[in-house]
Amino acid sequence: MAGLKDATAIVGIGQTAFAKQLPESERTLACRAILAALDDAGIAPSEVDGFASYTMEETDEVEVAKAIGAGDVTFFSKVGYGGGGSCATVAHLAAAVATGQASVGVAWRSRKRGSGPRPWKNTTVQLPTPAQWTRPFGLLRPADEIGMLARRYMHEYGATRDHLFNVALACRNRANQNPDAIMYERPMTREMYMNSRWISEPLCLFDNCLETDGALACVIVSAERARDCRQKPVYVHSAAQGLPAQHHGMVNYWNDDPLTGPAWTAARHLWKNADLTPEDVDVAQIYDAFTPLIPLSLEGYGFCGRGEGAAFTEGGALEIGGRLPINTGGGGLSEAYVHGFNLINEGVKQLRGTSTAQVPNAASCLVTAGEGVPTSALLLRAP
């Protein structure tokens with residue numbers, strides 16, 4: 001991984017509109033986001049020779065390559081575990097470009113979760129082995145599984161709903177500044193949060209991510225080529241994936257400490273191969289399908305000690321001007337939930353200086369994928 005340090009850069013980003021329901025197909029949305037990202041980079045579709053996406057992506061590289069007019073494709077990969085794979089799509093392409101397997105890589109995610117079915121509603125299929133330890137006992141949805149971890153975290157470390165509100169509020173405040181966000185100009189108060197309905201106690205409505213239709217994409221090339229592209233390059237300084245020993249998705253049943261999730265494994269690898277430390281990070285885009293993932297990730301990635309993640313959120317620490325501004329486009333809680341890909345693009349915007357909630361002089365950004373499942377992370381750097 002040390003050989004990947006600053007060897008590649010994200011030079012183009014693109015997205016569609018976000019909404020509860022969009023009329024276009026997932027393939028159409030994917031192609032629009034990819035073409036927008038290529039146009040942003042100033043690169044012709046015919047130059048694309050690498051693709052990476054999620055195993056949960058319904059639009060495959062064969063159809064995408066034909067639809068956008070790509071040339072011969074020499075690298076393609078898909079990463080598992082839903083939102084845990086977001087940053088890994090970029091990492092795989094960075095490795096491919098750095099080793100000569102591809103020269104122009106495109107990563108994307110297209111999803112119609114807002115208007116589409118909820119995955120756990122299908123009761124006709126055989127449960128995978130991990131789910132046989134959860135769903136028969138009432139943990140039917142990711143919200144139920146994370147709700148259990150949140151309750152344990154509250155019990156162990158004294159975290160409260162006010163700490164989770166701090167997370168939800170920071171994301172909503174940034175979305176209020178972002179015209180592309182679902183929650184643009186829709187402020188939230190503590191009273192609204194505390195009085196909202198339970199989804200899976202202790203998680204209320206505003207502790208849960210949005211359900212969104214939309215697509216996003218980004219373009220990765222070598223650092224040398226990046227200097228000649230249309231936009232200011234954002235370098236992939238370090239990248240990592242993490243699958244801890246004896247892991248059980250979401251609930252971590254078999255770990256010695258179920259609150260020590262995959263973030264800890266990914267973080268050790270990420271920082272080992274970086275010239276930066278957590279203290280050097282100017283802004284972070286932390287995967288936020290559920291509010292408790294933020295304090296857990298703050299601990300896992302080394303911004304505070306074990307059990308200190310909840311207290312870290314106090315005093316406006318997650319807001320612009322705070323200790324660590326997070327999710328400056330609104331994140332999955334308030335911009336859009338597209339398995340975390342909007343966090344990657346927002347990280348690029350911050351280091352270009354074009355975010356709607358710009359952190360002054362931001363030069364480094366941590367982007368994380370889903371905590372609780374096999375995960376991934378990126379450390380992005382400005383030139």
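**Group meeting: a mixed sheet and its aromatic pairs**

I start with helix α12, residues 341-352, which lies across β1 (8-15), β2 (50-54), β4 (105-112), β7 (213-222), β8, β9, β10 and β11. Its direction is at about 115° to β1. Lying across implies contact, meaning heavy atoms within 4.5 Å. Axes are lines fitted to C-alpha atoms, for helices over the stretch in contact, and angles run from 0 to 180 degrees between N-to-C directions. Helices (H or I, at least four residues) and strands (E, at least two) are DSSP runs, numbered from the N terminus.

A word on the source. This is a predicted model, where local features need pLDDT of at least 70 and side-chain atom pairs count only at pLDDT 80 or more, while totals for chains, interfaces and linings use all residues. Residues are numbered from 1 along each chain as its sequence is written, and side-chain values use heavy atoms, with hydrogens and water left out.

Now the sheet. Nine strands make an open sheet with mixed pairing, in the order β3-β2-β4-β7-β1-β8-β11-β10-β9. Two strands pair if DSSP finds at least two bridges between them. The edges are β3 (75-79) and β9 (283-285); each has a single partner strand, so one side of each has no neighbour in the sheet. On average, neighbouring strands are turned by 25° against each other, direction ignored.

β8 (residues 234-242) and β11 (residues 375-381) are antiparallel, over seven bridges, and Q241 stands opposite S376 in β11. Helix α8 (residues 262-272) lies across β8, β10 (364-368) and β11, at about 135° to β8.

Next, the rings. How many aromatic pairs does a search of the whole structure find? The search finds six. Rings of Phe, Tyr and Trp (its six-membered ring) pair if their centres lie within 6.5 Å; planes under 30 degrees apart count as stacked, over 60 as edge-to-face and the rest as tilted.

W133 and W254 have ring centres 5.4 Å apart and planes at 90°, so this pair is edge-to-face. W133 is in the loop between β4 and α4 (142-157) and W254 in the loop between β8 and α8, so the pair ties together parts 121 residues apart in sequence. Ring pairs link W133, Y253 and W254 into a cluster.

Lastly, R109 lies over the face of Y54, 5.1 Å from the ring centre. The criterion is NZ of Lys or CZ of Arg within 6 Å of the ring centre and within 35 degrees of the ring normal.
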